[in-house]
Amino acid sequence: MFVSHAHRFIFLRTEKTGGTSLDAALRAVFDEGITFPGQVRPSWSKKLPFSYGGLQRRAPRLFGLHPHATAADARAVLGKSVFDSYFKFAVERNPWDRQISLYTHREWKKGKDNKNFDKDMQSILYRSTELCRLNNFAMYAIDGAVVCDRVLDYATLHDDLKTLATERGWPDITAHLPRLRQYSGERPHYSTYYSDETRDLIARWYKSEINAFNYTFDDRR
């Protein structure tokens, strides 16, 4: 996440929604006045036998906000006055498409492809040993209510960012928007990876964002 006191905005960074690219673009456009609590990690954190990010997720008041901090944690650390008065935005993505991206990323890191997606998503063993379920909704919602002033659509991110920049009087963010973390080039449409059972599983997991933004499963099998 980013907090700009100079420009009075908060970018609540969700997962698998182009956050790395948008992070780079924001740094290029707002090269001054962009910070987030916990941005500079202490030197001793490198000696930990576990991720420092885990400490940030569990105790943000002590260790600073995680890059993917929840909205509730951001409000607690920044203070209600700042959080409520600053412009807040995030990016969200169709959960069925997002799940393929998450799985592909995890398997790519292991040197594998994503051909076992449907089988693994239905495997209780796999789901209990791998990161399979994201919590993006909590990054822009508190107590079940969306608290962002704007939630951009990943599918139309370029156009949405142009509109946002114009409305806010910001420079063109898209001019600095790279495409990062591409693992396998162009994939087939996400629906081709799904059985009916896995499609329904994702619908149950991400009911909150599906209802909030009226996402549907675009079946092109």
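Helices here are DSSP runs of H or I with at least four residues, numbered from the N terminus; I use that definition throughout my notes on this predicted model.

**Helix H10.** I looked up what comes after H10 and found Gly 169, whose phi is positive, near 75°. I then checked the length of the helix, which runs over residues 157-168: at 1.5 Å a residue its 12 residues should span 16 Å, and the end C-alpha atoms are 16 Å apart, which agrees. Next I listed its buried residues, which are Leu 157, Leu 161, Leu 164 and Ala 165. Because these cover an arc of only 100° around the axis, they fall on the same side of H10, while Asp 159 and Thr 166 are exposed on the other side. For the packing partners of the buried residues of H10, I noted helix H1 (19-29), strand S4 (87-92) and strand S7 (150-153).

**Helix H4.** After H4 comes Gly 79, with a positive phi near 100°.

**Aromatic rings.** My search of the whole structure returned 20 aromatic pairs. One that I examined is formed by Tyr 103 and Tyr 126, a tilted pair with 5.9 Å centre to centre and 50° between the planes. This pair links distant parts of the chain, since Tyr 103 belongs to helix H6 (residues 95-109) and Tyr 126 to helix H8 (residues 124-129), 23 residues apart. I found both Tyr 103 and Tyr 126 to be buried. They also belong to one aromatic cluster, together with Trp 96, Phe 117, Tyr 190, Tyr 193, Tyr 194 and Phe 217.

**Charges over rings.** I noted that the charged end of Lys 88 sits over the ring of Phe 83, 4.9 Å from its centre, and that the charged end of Arg 98 sits over the ring of Tyr 206, 4.4 Å from its centre.

**Thr 198.** I ended with this residue of helix H11 (residues 196-205). Is Thr 198 buried or exposed? Its relative accessible area is 0%, and since buried means under 20%, Thr 198 counts as buried. Its side chain makes a polar contact with the side chain of Gln 122 at 3.3 Å. Leaving aside neighbours within four places in sequence, I found Thr 198 in contact with Phe 117, Asp 118, Met 121 and Gln 122.

Definitions and conventions. Residues are numbered from 1 along each chain as its sequence is written. This is a predicted model: local features need pLDDT of at least 70, side-chain atom pairs count only at pLDDT 80 or more; totals for chains, interfaces and linings use all residues. Side-chain values use heavy atoms; hydrogens and water are left out. Helices (H or I, at least four residues) and strands (E, at least two) are DSSP runs, numbered from the N terminus. Buried means under 20% relative accessible area, exposed over 50%, partly exposed in between (1.4 Å probe, protein chains only). A polar contact is a pair of N or O atoms within 3.5 Å; within protein, one must be able to donate a hydrogen and the other to accept it, and residues adjacent in sequence count only if both atoms are side-chain atoms. Contact means heavy atoms within 4.5 Å. Rings of Phe, Tyr and Trp (its six-membered ring) pair if their centres lie within 6.5 Å; planes under 30 degrees apart count as stacked, over 60 as edge-to-face and the rest as tilted. A charge sits over a ring if NZ of Lys or CZ of Arg is within 6 Å of the ring centre and within 35 degrees of the ring normal. The expected span of a helix is 1.5 Å times one less than its number of residues. The arc is that of the directions from the helix axis to the C-beta atoms.
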